[in-house]
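Could you walk me through this model in the viewer? I would like to know what to select at each stop and what is there.

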Amino acid sequence: MLRYFFLILLSVFVVASGTFGSEAIAQSNTSDSSKAADGEVKPQADQLELATWGGILDSISQGLKREGLTEKELDKFFAEAARIRTLANAEIVKVQPRVDELQQQLTELGAPPAEGEPQEAPEVRTRRATLDDRFAKVDAELKASRVAAIRSQQIQRTITQERQTRFFSSISVRNKSVLSTGFWSRYFNGYKSFFRSFDLLFDDSFSIMFGELKKNPWKISALIFFLALFALVFIRLRRVLAPRTDDEVLDGEHDFFSSRFSRFCRQGILPVVLIYVVYELFWVLFLLTPRFDRFLAGIIIAVCFYIIALVLHRVILLPNAEGQRISSITNSAAKKVSRIITVGLGIGLTLSAVNSTSHVLVSPVGVTMGLSFLFSLTIAITSLSALWLLYKDNVKRTRLLDAQRRTSLWTYLNILAWFVSIGILGAALFGYVAMAEFLSQQLIFGLIVIGVAWLFLRSVDGMFAVRPDDAHAAAAIDEDEAATGQFTIFVTGILKLAIYLVAGTLLMLPWGYRTSDIFQIFKNLFFGFEVGGLSISLATILLAMGLFFLGYTVTVALRNWLNNKLLPTTKLDIGISNSISTIFGYIGFILAAILGVSAAGFDLSNLAIVAGALSVGVGFGLQSIVNNFVSGLILLAERPIKAGDWIVTTGGEGTVKKISVRSTEIETFDRATVIVPNSTLITDNVKNWTHENKTGRIIIAIGVGYDSDPEQVKEILLECAKEHRLVLERPAPAVFFMDFGANSLDFQLRCFLADINYSLTVTSELRFSILAALRKAKVEIPFPQHDIHIRSDDTKRYCQVTER
């Protein structure tokens, strides 16, 4: 894709400069197309006849039995089998509904009459024969498609196994011992031809390159123009990703553009991309010979790996930034490990680049084997040295802090790195040089992938994390911000899952897998696979979930519109409004669930079976749940209680806040929430202070002295009640002479309020005013008193207590 982009830019540049004719561009496009054709297998027709699938699969199966198949032929067979499998699966999806439809029609007709039974009508018999014939044809197509899909899958599995067998065979070959003198004599003697071929490669390549530039002067202008353009873009991007302060403070958590990720992009990704686009520019301009192209590719790969590994380990270890390091190692250990990695990787990847050059130059086997051994030995020594330093530092810190070692993911990676490094060293010394080289390459590649994945994960957390400065604001977020936070968590989870999948895919590639194999696995997971005759499709599941969430979102939006816009204008009671909103929510949820289940491919007629199974469950474990659910529906329909009512139950006293499917929330006057099962509110006695309306009565008891005038007391109490603003005039307040008490004349003031929710406030205020009025009228409010009489004489002593 990048090469075609360069061709477009070149076309624009040439048209603007006018330095040569259109035949040069035509030559470039023609050469590019021919190179692309040489490197790729021509695609077959997208649509293949069903009858030809078997023949193609038979020819592939016969071809796989031949000896000496090349990787290119295996790729061609794999692609053809994958194409047939895709077409077969598409045919299955298309034909299956027709088979089900015809099967249902035949089921509706019923079984044909048995011998001796009355014959069915001629039109029914004709219809049955037609349906049988159509069903046989369609069913044959379905079965043939399923067989083709299974055969193509088996062929793909066979090719994958063959690749893996070849791969493990290639790395398990044992060579002569590298410790023998003959091995190293062949190694050093082979460098004569190596340097001779190297000189010829450079002479031929540069002569062809300069000849091409001399023949087409416009390429010099294009080269200068694009190199300057790349340099400007590179400098601009480095400035964009530069930290905001001169001293690069890396906290890795909250400031994205001054985090480790921005440093990794600025110092690692950008140089690698610049090197790659410059290489592609030379390729597009046809300045590279095929051999020099392969030589340059090996050098570029080694340099890019070194840059990425160098920047990555410095970003993680931060050897020069004590106090900002995430990894729990000392500053001296971080510096030593960084030096070892820098020097060891530099030497190792240099040897790898030279080894790649030896393959291009077709050098003697002794040279390539010796370079592979030295590369493996360097990587093993580098890895073991770094691991040993980290181990010593960990032991030292554990002793100083007197802390217990914790097992984490990094601990297991550390153990794995020890085993791999020792395995590389052992394989190299015992003659398994190819295996040692492969393990060395995978150790570098795997650590880079894990490090980059870790860096991306931390960057995702940093981008979506709540900053410490915003903690006070975060504590006071409203519902909309809470919903945004939940969506952010969902997006973060999706991004992390994508990072894990990409990292896992990259780690699988070197072990005999191809990208086509992995993409086929993901494709099967997404578009469908069968387990025990049951077809499972992730795409269908995601579609069903999407439709369900869409229906649920529409329901929530309409319910909010009802609660905030429509229902407040109707002046309905709050309980009725709550019931309407709740029932609407139930209906919307059920419809969304039906929509999702239908999209998933479930036959709604089969829900009767599910309902029968649920009825058995209801008779046992689900009885209470269903009881509460039905009770909730009764509460919403009959409305003995509603939201806002003041009720008294065995579970407590308070205001009804919400009636849900299973339970009802009651908020007590202490602001505590009591969850009461709906069945309790139906079966038990419930006192509702505001069932029909909020009018209620309060009773205030008062006692006065026996010397008081009852009529005066009555007038004072009535006057106090009438003067209060919340006491109703109708029914009028009343005063009752209740009893002759032991210490007082007992009265009761009874009055009605428009809103019983203010009963405590009104009662308190009335008591204040009654006390003030009685004191002003000098009416005594008695309290119990005890007189103690102590008598004494010569014969006995006793104490007499008199209450008055």
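## First stop: a helix and its salt bridges

Glu91 counts as buried, at 16% relative accessibility (buried means under 20% relative accessible area, exposed over 50%, partly exposed in between, with a 1.4 Å probe and protein chains only). Before you click further, note that this is a predicted model, where local features need pLDDT of at least 70 and side-chain atom pairs count only at pLDDT 80 or more, while totals for chains, interfaces and linings use all residues. Residues are numbered from 1 along each chain as its sequence is written, and side-chain values use heavy atoms, with hydrogens and water left out.

A salt bridge here is a side-chain nitrogen of Lys or Arg within 4 Å of a carboxyl oxygen of Asp or Glu. Helices are DSSP runs (H or I, at least four residues), numbered from the N terminus.

Stay in α4 (residues 71-109) and pick Arg85. Arg85 is buried, with a relative accessible area of 9%. Its C-alpha atom is separated by 9.5 Å from that of Gln156, 71 residues apart along the chain.

## Across to α5

Select Arg166 and Glu71 next; this salt bridge has its closest N and O atoms 3.7 Å apart. The pair links distant parts of the chain, with Arg166 in helix α5 (residues 122-171) and Glu71 in helix α4, 95 residues apart. Both are partly exposed, Arg166 at 26% relative accessibility and Glu71 at 30%.

Lys137 counts as exposed at 53% relative accessibility, whereas Asp133 is partly exposed at 42%. Then colour Glu71, Glu162 and Arg166 together: salt bridges that share partners join them into one network. A search of the whole structure finds 14 salt bridges.

## Last stop: the cysteines

How many disulfides does the rule count? The count comes to 0, a disulfide being a pair of cysteine sulfur atoms within 2.5 Å. Show Cys304, which is buried with a relative accessible area of 11%, and then Cys751, which is buried at 0%.

Key: Helix = DSSP H or I, 4+ residues; strand = E, 2+ residues; numbered from the N terminus.
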